[in-house]
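I opened this entry to record what I looked up in the model, beginning with the order of its elements and ending with its aromatic rings.

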Amino acid sequence: NFINGQATEPDFVLFMEGKEKTNSQHLQLFIEPKGKHLIKSDAWKEEFLTSLRSEAKVFQLVSNTEYSIWGLPFYTNESEREFDMSFKEVLDL
């Protein structure tokens, strides 16, 4: 967590590369499904995940390669539409 350093371990990490073979873009997505009973107590995790896109600092280790780190909003039955829209936004990069 950028605010207080509290650690989190997302349930899923998805690694993706650009569609074109010449595309040197790499994406790392943090995904966490959540039951209704945990939404409130884990709200800080969702805030952290959704802040990764704008707050995470990525240090380039390889030239000519772009790395992006994103966290998606929690996936629940109720938030499936919001999750899908966020995921599609990543795929449209």
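I first read the order of elements from the N terminus, which is β-β-α-β-α, and I counted 2 helices and 3 strands in the chain. Helices here are DSSP runs of H or I with at least four residues and strands are runs of E with at least two, numbered from the N terminus. I noted that this is a predicted model, in which local features need pLDDT of at least 70 and side-chain atom pairs count only at pLDDT 80 or more, while totals for chains, interfaces and linings use all residues. Residues are numbered from 1 along each chain as its sequence is written, and side-chain values use heavy atoms, with hydrogens and water left out.

For the chain as a whole, I found that 30% of the 93 residues are buried, where buried means under 20% relative accessible area, exposed over 50% and partly exposed in between, with a 1.4 Å probe and protein chains only. Of the contacts with a separation of 6 or more, 48% join residues 24 or more positions apart, a contact being heavy atoms within 4.5 Å.

I then turned to helix α1, whose 13 residues (43-55) reach 17 Å from first C-alpha to last, close to the expected 18 Å, which is 1.5 Å times one less than the number of residues. Its buried residues are Trp44, Lys45, Phe48, Leu49, Ser51 and Leu52, and their cover includes β2 (25-31) and β3 (66-71). In strand β3 I looked up Glu66, which is partly exposed at a relative accessible area of 44%; its C-alpha is separated by 9.8 Å from that of Gly18, 48 residues apart along the chain.

Last, I searched for aromatic pairs and found 2 in the structure. My criterion was ring centres within 6.5 Å for Phe, Tyr and Trp (its six-membered ring), with planes under 30 degrees apart stacked, over 60 edge-to-face and the rest tilted. Phe83 and Phe87 both lie in helix α2 (residues 80-91), 4 residues apart, about one turn of the helix.

Which of these rings is buried? I found Phe83 buried, at 10% relative accessible area, whereas Tyr75 is partly exposed at 27% and Phe87 is partly exposed at 23%.
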